[in-house]
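Hello,

Here is the structure I promised to send over. Please have a look at it first, and my notes follow below.

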Amino acid sequence: MATNSKLKICLATAELAPLAKTGGLADVSAALSAYLHHAGHDVRVLMPFYSRIDRTGLRIEPVPRLQNLYITVGPWDIEYSIDRVVLPTNGLPVYLLRCPALYDRPEIYGSGTDEHLRFIFLSRVAIEMCQHMQFAPDIFHCNDWHTALIPLYLRTVYSWDRLFARTRSILTIHNIGYQGVFSADILSDLNLGYSTDRLHQDDLSQGRINFLKTGVLYADLLTTVSPTYAREIQGTEYGIGLDGYLRQRSDRLIGILNGVDYAEWNPATDKLIPHRYSPDDMSGKRVCKLGLMREMGLAGTSRQPVIGIVTRLVSQKGIDLMVKVLPDLLAKRNFSLAVLGSGEPHYELFFESLQRAARGRVSYYRGYNNRLAHWIEAGSDMFLMPSLYEPCGLNQLYSLKYGTIPVVRATGGLADSVAQINPARGTGTGVLFSDYDEAGLYWAISTALTLQANQPLWQKIISNGMAMDFSWEKQGQQYVKLYRWLAGQ
Ligand code: ADP
Ligand code: GLC
């Protein structure tokens with residue numbers, strides 16, 4: 001077949017920006033799908049219609065013939081309908097799985113004992129939606145544990161359907177820290193019939209079922225979101241129990257760095273920030289910095305170094321190191337912190353107490369706030385990501401574009417996207433430290449603060465970063481290549 005033939009792709013995801021987002025999975029699902037759509041491929045994206053989706057400005061329409069359908073899951077006949085919406089931001093059509101019994105919850109994840117059902121259902125509806133539409137995908141693109149059962153379903157429960165005779169499956173691991181492990185008591189809810197013997201038998205006899213592991217075993221191809229993470233997860237330190245299975249399939253595991261949706265994250269066009277700027281005219285960055293400092297109640301002039309943090313507050317993100325290092329460093333060096341994030345309560349309490357102890361120098365916004373995330377990217381001098389592990393990480397990619405120097409641990413996608421500053425040569429884009437320990441983080445922040453005092457060098461490093469291109473036009477092509485290879489095109 002010609003290399004410019006259009007591919008048919010079904011992409012199933014638990015999150016998609018801006019409709020439902022807890023982290024980077026949402027950004028990537030949206031931006032990769034939009035790239036594929038604009039490149040002319042037929043991509044059918046399915047996600048749950050969570051009740052928390054903000055419908056303002058959206059025209060959501062029921063898809064005729066895909067209303068009031070049923071799937072038997074365990075002992076239940078579960079009713080669902082499919083709606084369709086075209087995203088106003090990028091023209092991407094998205095299919096929404098409407099099933100109030102499963103998705104009308106205040107949170108996207110974790111608010112019930114039926115979590116497994118919610119994503120078994122999403123996975124099966126993705127397949128049955130294709131059947132109802134008579135859509136024969138070349139590629140089924142699954143993401144994380146939520147949709148990792150699709151490859152096994154295609155090989156078992158739905159293998160009778162010739163519609164999928166040529167379909168190949170890809171599982172992208174965005175984060176191996178979340179595997180979707182459930183008690184074996186849910187076995188009958190999988191409706192695998194005799195095919196339960198395809199599940200990992202040791203796990204079953206030990207009383208559990210691991211959704212992500214099942215995907216690792218049965219997907220035709222595995223990808224993850226950076227080349228370094230693809231290597232790291234094949235070792236015991238980062239593989240979280242799946243390293244052996246990944247090593248066995250290493251010829252089928254590929255790391256592709258995520259891209260950035262520059263329509264959304266570009267200081268030259270960003271409508272959410274106080275003032276736009278570009279490498280040719282950086283004056284707006286100072287306006288953004290002063291705006292951020294005012295908005296967050298940080299004291300001082302525009303000369304005060306500001307370090308930004310936007311993150312889920314979970315151990316993956318290196319918050320334990322921050323707890324150990326930041327109070328001391330704040331006492332010894334002159335800088336301010338602009339922090340946005342929510343997550344584990346003890347981390348939230350830490351930032352609240354740090355704010356109380358250093359009012360005017362530390363400002364913490366607890367919660368999720370997209371506008372503030374843009375302000376922090378634009379208004380900070382540095383962006384801190386001392387992650388314990390980081391499959392890709394998007395904020396450091398945004399930081400580079402916003403002229404905000406990333407201070408990161410050299411792991412996963414952080415190692416693949418940030419280059420160590422060499423002051424003598426004026427090369428590099430950020431400060432990296434290797435060992436996950438207090439000394440490493442202390443060194444990295446201190447070094448960045450010292451380097452910032454050398455303004456000509458600092459401006460050069462800023463322009464190095466702003467010139468980097470992590471667009472989906474580049475990264476998306478790598479997925480298309482893989483799709484074609486897998487589909488034999
Ligand atoms: P992860 O997916 O592990 O959380 P990423 O760096 O890939 O990490 O992506 C995080 C995404 O979520 C970024 O777009 C970031 O701006 C956004 N984000 C994280 N926390 C918040 C928050 N509290 N408010 C707004 N956006 C947030
Ligand atoms: C995950 C990872 C993050 C990655 C994102 C999108 O949540 O933690 O590093 O950027 O998925 O792939």
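The shell around ligand 2 divides into 6 nonpolar, 6 polar and 2 charged residues (Ala, Val, Leu, Ile, Met, Phe, Trp, Tyr, Cys and Pro count as nonpolar, Asp, Glu, Lys and Arg as charged, and the others, Gly among them, as polar). This is a predicted model, in which local features need pLDDT of at least 70 and side-chain atom pairs count only at pLDDT 80 or more, while totals for chains, interfaces and linings use all residues. Residues are numbered from 1 along each chain as its sequence is written, chains are lettered from A and ligands numbered from 1 in the order in which they are written, and side-chain values use heavy atoms, with hydrogens and water left out.

Two polar contacts (N or O atoms within 3.5 Å) to oxygen atoms of ligand 2 come from the side chains of His174, at 2.7 Å, and Asn258, at 2.9 Å. The protein covers 93% of the 310 Å² of accessible area that ligand 2 has on its own (Shrake-Rupley method, 1.4 Å probe).

Now the domains, whose bounds come from an automatic or database assignment. Domain 1 (8-259 + 473-486) and domain 2 (283-469) both give residues to the shell, so ligand 2 lies between them. Their C-alpha centres are 33 Å apart, and the contact (heavy atoms within 4.5 Å) takes 20 residues from each of the two domains. About 1,500 Å² is buried between domain 1 and domain 2, with 53% given by carbon and sulfur atoms; buried area is the accessible area (1.4 Å probe) lost on putting two parts together, summed over both.

Best wishes

Methods: A polar contact is a pair of N or O atoms within 3.5 Å; within protein, one must be able to donate a hydrogen and the other to accept it, and residues adjacent in sequence count only if both atoms are side-chain atoms.
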